[in-house]
Amino acid sequence: MEKGPKMKNAYLIGHITVRNQEKWAEYRSKVPATIEPWGAALIFRGKLCSVLSGSHEHNDTVVIRFPDLKALNNWHSSSAYQALIPIRQEAAEIELLSYEE
């Protein structure tokens with residue numbers, strides 16, 4: 001029995017500089033409920049220790065794995081996540097990037 005093509009995991013990587021800790025805590029507490037329906041999982045959240053080469057403006061990073069790029073894009077455009085963007089914008093400067101395996 002032949003299986004269909006294997007889906008490629010997709011990753012959201014966020015580079016973050018927090019400007020308002022209270023708003024950031026609110027945003028972070030609400031994001032997990034928005035990713036769960038898309039089969040996503042938090043892989044890594046951490047603080048920058050040093051820049052070993054080049055330059056990097058942000059001091060925090062988050063990595064979230066999605067089952068595929070379609071799920072990642074659907075999550076990002078979902079009404080649940082879109083509702084959090086105003087909080088995010090008050091809380092921090094963020095660059096969100098998507099990657100596919």
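## Ground rules

A residue is called buried when its relative accessible area is under 20%, exposed when that area is over 50%, and partly exposed in between, using a 1.4 Å probe and protein chains only. By that definition, aspartate 60, with a relative accessible area of 10%, is buried.

The structure is a predicted model, in which local features need pLDDT of at least 70 and side-chain atom pairs count only at pLDDT 80 or more, while totals for chains, interfaces and linings use all residues. Residues are numbered from 1 along each chain as its sequence is written, and side-chain values use heavy atoms, with hydrogens and water left out.

Let's begin with the charged pairs. A salt bridge here is a side-chain nitrogen of Lys or Arg within 4 Å of a carboxyl oxygen of Asp or Glu, and the model has five salt bridges by this rule. One of them joins lysine 23 to glutamate 90, at 3.8 Å from N to O. Lysine 23 sits in helix α1 (residues 21-35) and glutamate 90 in helix α4 (residues 85-91), so this pair ties together parts that are 67 residues apart in sequence. Helices are DSSP runs of H or I with at least four residues, strands are runs of E with at least two, and both are numbered from the N terminus. Both partners are partly exposed: lysine 23 has a relative accessible area of 23%, and glutamate 90 has 47%.

Lysine 30 is partly exposed at 37% relative accessibility, as is glutamate 26 at 27%.

## A bridge between strands

Lysine 47 and aspartate 60 form another salt bridge, at 3.1 Å from N to O. This pair links distant parts of the chain, with lysine 47 in strand β2 (residues 41-47) and aspartate 60 in strand β3 (residues 60-66), 13 residues apart. Elsewhere, salt bridges with shared partners join Lys23, Glu26, Lys30 and Glu90 into one network.

## The nonpolar core

A nonpolar core is a set of buried Ala, Val, Leu, Ile, Met, Phe, Trp, Tyr and Cys residues joined through side-chain atoms within 4.5 Å. The largest one has 21 residues, and those with the most contacts inside it include Trp24, Ile35 and Phe66. At least two residues of this core come from each of β1 (10-18), α1, β3, α2 (69-77) and α4.

Beyond its neighbours within four places in sequence, isoleucine 35 is in contact (heavy atoms within 4.5 Å) with Ala40, Ala41, Leu42, Ile64, Phe66 and Trp75.
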